[in-house]
Structure formats: C-alpha cells, structure tokens
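I opened this notebook to record what I looked up in the structure shown below.

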Amino acid sequence: MVSICFLTATAQNDKSNLLFSPDTTVVTRAFPSIGLDNRLSFIDGRLTTFTGVRAGIRFGAKRHRLTAAYRWFSYADDTGLFDVATIINPRYITQLEANYYSLSYQHILIDKYRYAFGATFDVGLGAAYDEDLSYFQNLNIFKKPRKFVPIQVGIYSEWKATRFVGLTGQFGYRQALNYEMQPSISKLYLGLGARLYIGSIIRYVFKGGSQITKSQ
C-alpha cells in the first residue's frame, strides 16, 4: 500500500512539473500567436484602459513576432465588462471614444527559461466612435471621418508562467497623429496582458502530454 501511494504521488508531480515548466522547444518556422494586450494611460487625471486583442505569427527561432491588434477605449466611468444587473455591461460596448487597428512588431532581445525581454513598435489606424452607427458599422473605420494614426514604441517583458500561458508587460509612449478629440491620448502607457502558447498546446496534445521537451 505504501508503494502504491508513492508511485501515484510521483506521477502527479511529474505531470505538474510538465504543466508549469516552460516549453523550451526551439522553433524556427512561422507559428501562430494570439493573446490579450491591455494598455493603461493616465489621461486628464484618470486611468484610461486601451483594451486590445491580437493575433499574428512568431518566426525566426522565437526572436520576432508580427501581430495585428484591435483596440478600443472610453473616458466614461462604469464601463467595465461585467455588470450585476445585466451580466454584460452594455456601456462597455456602446460608450467608446474611439477604436483602432494596429500592426505590431516585437523583437525579443533576451529569451531565457522563465522570462524574455525585447522591444516593440506599433503603428495603427483609428477613428472616433459614432453612436449613431451600430457597433459592427463602427468596426469599419476605413469609411469613417476623423481618422487618426497611433504610433507606439516601448520595451516588452514576458514571464512564462506555465507551459501554455505567459504573462506580458510593456512600458512605452504613444503618439497619436491627426487626433482631433480631447483630451489627447499621446501619453506614456503601461501594458498588461497574456499570451497563449499555441505551439506548446499543439505539441502537448499530439504527444499526449507524455514527453517533456529538452532545454535549449
């Protein structure tokens, strides 16, 4: 009986070590990359959240990432996603200042077992949100007036928390060209987000979670 308990605990520890150990597989081909990327700025004395979702590719032995993102923001209060009365807060979708698309390039300068650091550069195209249009009509910013060009430069960090999900952080500056609304969004920003390691998930599924990859 003692021997059986010991073997069971060992198996559980091995599986736990696999799930919480970073995937050190060297990948040189292009691979999908998706995640969340929220950026915070103090604008007109209050904290404003630029909510973002992104998808793209990673290539070149994990050194480069090219992603497309969609972001939106609001100056209004009480625009959180969840609401006690309605579950999903309608103000989160309808009371926006503007939304924009951006293309982002990240170059990873340091890539270690548990963390990574690099530089990031974004350029985008956005427009003011029009309350007379539907949410989906507002997504088509290319046909709307009052377009602006947000350019962002910053430093990037990543903590490989588990085999499948990492936490990301950024610090940089945003300059919005041709931005006619007030107050201005040309400010310093702090970025907080998460990255889903699709390659690690695929390798885990196809290998049945039984193989731990060798370190670089």
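**Entry 1**

I began with phenylalanine 73, which counts as buried because its relative accessibility is 1%; buried means under 20% relative accessible area, exposed over 50%, and partly exposed in between (1.4 Å probe, protein chains only). I note that this is a predicted model, in which local features need pLDDT of at least 70, side-chain atom pairs count only at pLDDT 80 or more, and totals for chains, interfaces and linings use all residues. Residues are numbered from 1 along each chain as its sequence is written, and side-chain values use heavy atoms, with hydrogens and water left out.

I then looked up phenylalanine 50, which counts as buried at 0% relative accessibility.

**Entry 2: Aromatic pairs**

I searched the whole structure and recorded nine aromatic pairs. Rings of Phe, Tyr and Trp (its six-membered ring) pair if their centres lie within 6.5 Å; planes under 30 degrees apart count as stacked, over 60 as edge-to-face and the rest as tilted. Phenylalanine 50 belongs to strand β2 (residues 46-59) and phenylalanine 73 to strand β3 (residues 64-73), so their pair ties together parts 23 residues apart in sequence. Helices (H or I, at least four residues) and strands (E, at least two) are DSSP runs, numbered from the N terminus.

I next examined tyrosine 101 and phenylalanine 142, whose ring centres are 6.1 Å apart with planes at 5 degrees, so the pair is stacked. This pair links distant parts of the chain, 41 residues apart: tyrosine 101 is in strand β6 (residues 98-111), and phenylalanine 142 is in the loop between α3 (135-139) and β8 (147-159). Tyrosine 101 is partly exposed at 27%, whereas phenylalanine 142 is exposed at 54%. I also noted that ring pairs join Tyr70, Trp72, Tyr101 and Phe142 into a cluster.

**Entry 3: Around phenylalanine 50**

Which charged end sits over the ring of phenylalanine 50? I found that of arginine 174, 3.9 Å from the ring centre; the rule asks for NZ of Lys or CZ of Arg within 6 Å of the ring centre and within 35 degrees of the ring normal. With neighbours within four places in sequence left aside, the contacts of phenylalanine 50 (heavy atoms within 4.5 Å) include Asp37, Trp72, Tyr100 and Ile185. Isoleucine 185, treated likewise, has contacts including Ile43, Phe148 and Tyr179.

I listed the largest nonpolar core, which has 12 residues, among them Phe50, Phe73, Met181 and Ile185. Such a core is a set of buried Ala, Val, Leu, Ile, Met, Phe, Trp, Tyr and Cys residues joined through side-chain atoms within 4.5 Å.

**Entry 4: Strands**

I turned to β3, where seven of the 10 residues are buried. Strands β2 and β3 run antiparallel and are joined by nine bridges; two strands pair if DSSP finds at least two bridges between them. Strands β3 and β6 are also antiparallel, with 10 bridges, and tryptophan 72 has asparagine 99 in β6 as its bridge partner.

How do the strands close? I recorded a barrel of eight strands with antiparallel pairing, in the order β1-β2-β3-β6-β7-β8-β9-β10.
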